[in-house]
Amino acid sequence: MRLEHSIGTILQSLRAPALALTGLVAFLLLWEAIPFFGIVNPAFLPGPSALPAAFLREVQSGAWLSAIAGSLGHYFIGLGTGAGLGIALGVLTGMSKIAEELSSWVVRLLRPIPGLAWVPFAIIWFGVNPQAAVFIIAIGVFWIVFFAAQGAIRGVDRDLIEVADAFGFHSAWQRLAKILLPAAMPGILVGVRTALGQAWMAVVAAEIFGVAGVGQRMMQASSLLATDLVVIYMLTMAALYGLLDTAFVAFQKWVLRWKA
């Protein structure tokens, strides 16, 4: 009886991975069949079987590594800048009613403007260089982290602040360091994790106008109808995001280990 129960438990635990693998295989087979049977011209949509050879050529030429290195540089600097400013200003407006009221109409004015709308100014202010890409990426992640930090600070239980007063933490800095920031950290980290994905979307938008990186390489490939390279870089970005998200989740668990 116990053996049957153990086997049943094992089979149940394997069910989700097996279904996920089945779905992935079915997707790849369908993808392969579309150009193979001429439903779509292979020049417009290459099958998965055409990708390994194209990827190997791109790696051997050095273009893949160069594009990834350039984009990762823009990504991390832009993400760090946008997230850092978002946390700082979000915490400030979350703590201070005056700061919130002073910035309320500025936020309403600037928030709806998409990141791509800033591209002309990025080129005018910085030229076609990495600083322009960093600016676009920072704009893309700033608002996500800003609102996450502001909401997390506002959501801190007011009873905790009263406890802080009882223990002599009367200054704004003491309250922030001892009570508000630790209590708001889960919400802030959720915003930063969301920004990880948004930053990758902003990378392509920031590089398509000529800054060296994945976006520029994808535009070059598409202009030559090298759609296999376009797909390779799309999958590369997905893989990099997956690795970064996994690493960030581990970091998030470490920072919030006190909640366990």
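Predicted model: local features only at pLDDT ≥ 70, side-chain atom pairs only at ≥ 80, totals over all residues.
In soluble globular proteins, nonpolar side chains tend to be buried together. Here the largest nonpolar core has 52 residues, of which Tyr75, Leu79, Ile136, Ile188 and Val214 touch the most other members. Several helices give two or more residues to this core, among them α2 (51-61), α3 (63-95) and α6 (130-154). Helix α8 supplies the largest share, 13 residues. Beyond its neighbours within four places in sequence, Tyr75 is in contact with residues including Ile137, Leu196, Trp200 and Leu244.

Charged residues come next. Side chains of opposite charge can pair when their charged atoms come close. The whole structure holds five salt bridges. One of them joins Arg57 and Asp228, at 3.8 Å from N to O. Because Arg57 lies in helix α2 and Asp228 in helix α10, this pair ties together parts that are 171 residues apart in sequence. Asp228 counts as buried, at 17% relative accessibility.

Glu58 forms a salt bridge with Arg217, with the closest N and O atoms 2.6 Å apart. Glu58 lies in helix α2 and Arg217 in helix α9, so parts 159 residues apart in sequence are tied together. Glu58 is buried, with a relative accessible area of 4%, whereas Arg217 is partly exposed at 22%. Elsewhere, Lys97, Glu100 and Arg154 are linked in a network of salt bridges.

Finally, the surface also carries nonpolar side chains. Leu21, Leu24, Val25, Phe27, Leu28 and Leu29 make a nonpolar surface patch of about 570 Å². Val25 belongs to helix α1 (residues 2-36) and is partly exposed, with a relative accessible area of 40%.

Terms used: Residues numbered from 1 in each chain as written. Heavy atoms only, no water. Patch = residues over 30% accessible without salt bridge, like charges linked within 9 Å, V, L, I, M, F, W, Y side chains within 5 Å. Areas by Shrake-Rupley, 256 points an atom, 1.4 Å probe, with all protein chains shown as cover. Salt bridge = Lys/Arg side-chain N within 4 Å of Asp/Glu carboxyl O. Helix = DSSP H or I, 4+ residues; strand = E, 2+ residues; numbered from the N terminus. Buried < 20%, exposed > 50% of the residue type's maximum accessible area, 1.4 Å probe, protein only. Core = buried A, V, L, I, M, F, W, Y, C linked by side-chain atoms within 4.5 Å. Contact = heavy atoms within 4.5 Å.
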